[in-house]
Amino acid sequence: MQRPYNPGSAVARYASAALVAALLAATAVAFVTTERLKLTPNPILGPRVDKVFSPVCDCDTDTASITFRLRRADVLSVDVVDARGRPVRELARRQPAGRDAVTFFWDGRDDLGDVVPEGSYRPRVELHRERRTITLPNPIRVDVTPPTVRLISVRPRVFSPDRDKRADRVIVRFRTDERASGSLLVDGESRVRLRGRRKEARIDWFGVIDGKPARQGTYALSVIARDAAGNVGGPTRDVPVVVRYVALGRDEIETAPGAFFAVLVSSDAARVGWKLGGRTGTARPGTLRLRAPLVPGRYTLTVTANGYRDRAAVFVRSPEEQP
């Protein structure tokens with residue numbers, strides 16, 4: 001049985017066919033355009049973009065630079081877009097540019113002057129003469145979080161930087177929660193700075209301050225860490241260490257003429273030298289036993305080790321002078 005002719009159905013079929021044809025044509029045009037763009041040389045040459053920075057670090061890396069050259073002179077508009085392609089900051093508007101390198105700087109803030117959230121951003125360049133907009137493939141990571149630093153150990157706590165290869169250094173080990181470079185602070189001043197960035201490292205301090213061996217005494221050591229963006233974490237808690245070359249256990253010694261007395265000598269040298277009342281000798285560090293001069297009076301005991309010395313006053317008193 002033959003179906004009756006339906007004009008509306010025929011129109012619908014013709015409309016559907018026309019729509020399909022239009023879609024195919026549009027697809028073909030888009031394909032041709034895409035292929036043409038693939039074959040067209042990139043108008044932007046040699047882009048160099050800072051990979052990570054911190055707009056709040058107050059350091060050399062608080063601004064990101066964006067540098068590139070153009071294949072042909074053009075008029076540029078440059079902005080920064082977030083991970084979704086939304087513009088957050090306009091850097092240039094219709095700026096003429098030749099074939100020489102051009103550089104733009106971004107301080108990590110949006111058009112309202114607020115620091116943008118941490119994350120990845122990209123530069124976007126509009127070429128007005130070419131009628132093209134290109135988002136550079138170079139991401140810029142905004143990082144405003146400082147690294148966390150934790151001391152692992154500080155050893156030894158007493159050392160002598162006298163270059164005799166015996167306890168010449170103190171070794172400070174630390175750990176961070178991200179790759180960072182560490183610096184050792186001595187009494188709050190940076191004295192040793194590591195190159196490279198890692199999560200766990202050690203810093204050796206040979207007791208040098210301003211190019212000279214540190215004087216005997218107690219020093220506070222701590223560590224700070226700087227990440228790739230320039231954020232600084234720390235300092236850690238202070239740990240006291242003692243620089244000691246040679247030290248006597250007493251500053252004053254009272255004894256009788258010709259009597260033997262003892263004094264503690266602290267040093268990591270193999271042997272120390274001593275001098276008292278015109279007499280000299282050597283001994284091992286530890287308890288030093290000497291005989292007092294026969295004549296009452298005040299004498300100076302000098303003990304040396306590897307070019308360093310400490311002194312104590314020796315009072316030789318006659319029986320009548322003793323309490």
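Author: On a 1 Å grid over the protein atoms alone, a cavity is a set of points where a 1.4 Å probe fits but cannot get out, and a pocket is an open set with protein on both sides within 12 Å along at least five of seven lines. This is a predicted model: local features need pLDDT of at least 70 and side-chain atom pairs pLDDT 80 or more, while totals for chains, interfaces and linings use all residues. Residues are numbered from 1 along each chain as its sequence is written, and side-chain values use heavy atoms, without hydrogens and water.

Reader: How many cavities of 30 Å³ or more does a search of the whole structure find?

Author: The search finds one.

Reader: Which residues line the largest cavity?

Author: T40, P41, P43, R71, R72, E130 and R132 do, each having an atom within 4 Å of a point. Four are charged, two nonpolar and one polar. Arg and Glu count as charged, so R71, R72, E130 and R132 form the charged group.

Reader: What makes S153 count as buried?

Author: Buried means under 20% relative accessible area; S153 has 15% and therefore qualifies. S153 lies in strand 10 (residues 149-155) and touches (heavy atoms within 4.5 Å) I171, V172 and R173, leaving aside residues up to four places away in sequence.

Reader: What space lies in the largest pocket?

Author: About 170 Å³. Its lining includes S181, S190 and R226.

Note on methods:
Points joined across faces, edges and corners; volume = space filled by probe spheres on them. Helix = DSSP H or I, 4+ residues; strand = E, 2+ residues; numbered from the N terminus. Buried < 20%, exposed > 50% of the residue type's maximum accessible area, 1.4 Å probe, protein only.
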